[in-house]
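Here are my notes on the model, point by point. Please read them with the structure open.

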Amino acid sequence: MWLFSPAGIIFGSGAVVNTGSFLASTGIFNSTSLNEALHSNQIQIFPQATPGAASIDVQAASGGLGAASIGATAGFVLLHAPTITQVGTVSASDAVVYNADEDVNVQFAPATDGSGIALVNEFSDTGTPSASHIDHTGSTTAGTWFEADAANDNTTDPGFGGIINLGGHVVASGMKADPGNPNDSHNGFSVILDANMGGSTGTEVDTIDGTGGTITAASGLDAEGATIITGAWTNNAGALQIRASGTFGDTSSGAIINGALVSNNGSIYIAGYNVAVNANVTADGSASIFAGQMQIGPGDTIQAGRSTPGSTLAIT
């Protein structure tokens, strides 16, 4: 099911969407989009004339009605709007993606096991102006991979661009696999968080804030932005990567570890001008921290090589 509404979309309390695969967008679906969808297993959704003009809202329980629920039992869920609020429940047998840029290109294909439609890749063109914001305090479950994308830009007021507030609960049980693009750096990851899609120009806010939230990734977690504040994030294989640029000397930016990071059967990599460790960091494999300046809270620990011989702990 594809749902397009440039004026915005609200899934109110008590709403239930139960389908094979689901795409909802506030962008423009035109003849080019239709031709691609019918003949090339992809959809190009174009930006509206006015940036930041619409939103998608998946609402919480209210007035005796349960939280809005979106479920895809034989494919993916992709929500696309400059502002996305997810306070309900979203689940898919394949991937779940929240894309808050103005435009998006969606590539899909039949699942290799014949069970439905698989999301192969999604991306937005660099430089599209937007006031991009994701608020997630609900529950999201992906059978393969989960991605949240927010673009910063220099045409909106600082403080409202490239922001991902990721409370609530996220579980991703598989990994991204794009066979047509073997150089995709996110192949093999279960959770992808990108608050810097358009490339930073130095004045925008591009933040991932996981305060109060939990993430469970089956095979790798990659987060990139100027400031990354973690919740309780657990990775069960592969690498858990925190890549926060930050601003040197600004201790409110960079990588701020406020929730425990655990990488079972895998490694942890943290990098940023500023790194603040305010919770335990534990890796079965190696752990590496690269920082211009760093602080570790009283009683907080960094542990590497919990169960993998030959692992290393590097702090630079």
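**Notes on the predicted model**

1. Met294, Ile296, Leu313 and Ile315 form a nonpolar patch on the surface, with about 330 Å² of accessible area together. Strand S30 (287-296) and strand S32 (313-315) are the elements that give two or more residues to this patch. A patch takes residues with over 30% relative accessible area and no salt bridge; nonpolar side chains (Val, Leu, Ile, Met, Phe, Trp, Tyr) are joined within 5 Å, like charges within 9 Å. A salt bridge is a side-chain nitrogen of Lys or Arg within 4 Å of a carboxyl oxygen of Asp or Glu. Areas follow the Shrake-Rupley method with a 1.4 Å probe; for residues, only the protein chains shown count as cover.

2. Leucine 313 sits in strand S32. Its relative accessible area is 44%, so leucine 313 is partly exposed (buried is under 20%, exposed over 50%, partly exposed in between).

3. On the basis: this is a predicted model, where local features need pLDDT of at least 70, side-chain atom pairs count only at pLDDT 80 or more, and totals for chains, interfaces and linings use all residues. Residues are numbered from 1 along each chain as its sequence is written, and side-chain values use heavy atoms, with hydrogens and water left out.

4. Ten strands make an open, parallel sheet, ordered S3-S7-S10-S15-S18-S21-S24-S27-S29-S31. Its edges are strand S3 (16-19) and strand S31 (302-303), each pairing on one side only. Pairing takes at least two DSSP bridges between two strands. Helices (H or I, at least four residues) and strands (E, at least two) are DSSP runs, numbered from the N terminus.

5. How many bridges join strand S7 to strand S10? Four, between residues 69-72 and residues 89-92, with the strands running parallel. Alanine 72 stands opposite alanine 92 in S10.

6. Two asparagines have a backbone angle worth checking. Most residues other than glycine have a negative phi. Asparagine 41 has a positive phi of about 55 degrees. It lies in the loop between helix H1 (31-39) and strand S5 (42-45). At 37% relative accessible area, asparagine 41 is partly exposed.

7. Asparagine 265 also has a positive phi, about 60 degrees. Its loop runs between strand S27 (261-263) and strand S28 (266-277). Asparagine 265 counts as exposed, because its relative accessibility is 57%.

How values were computed
Buried < 20%, exposed > 50% of the residue type's maximum accessible area, 1.4 Å probe, protein only.
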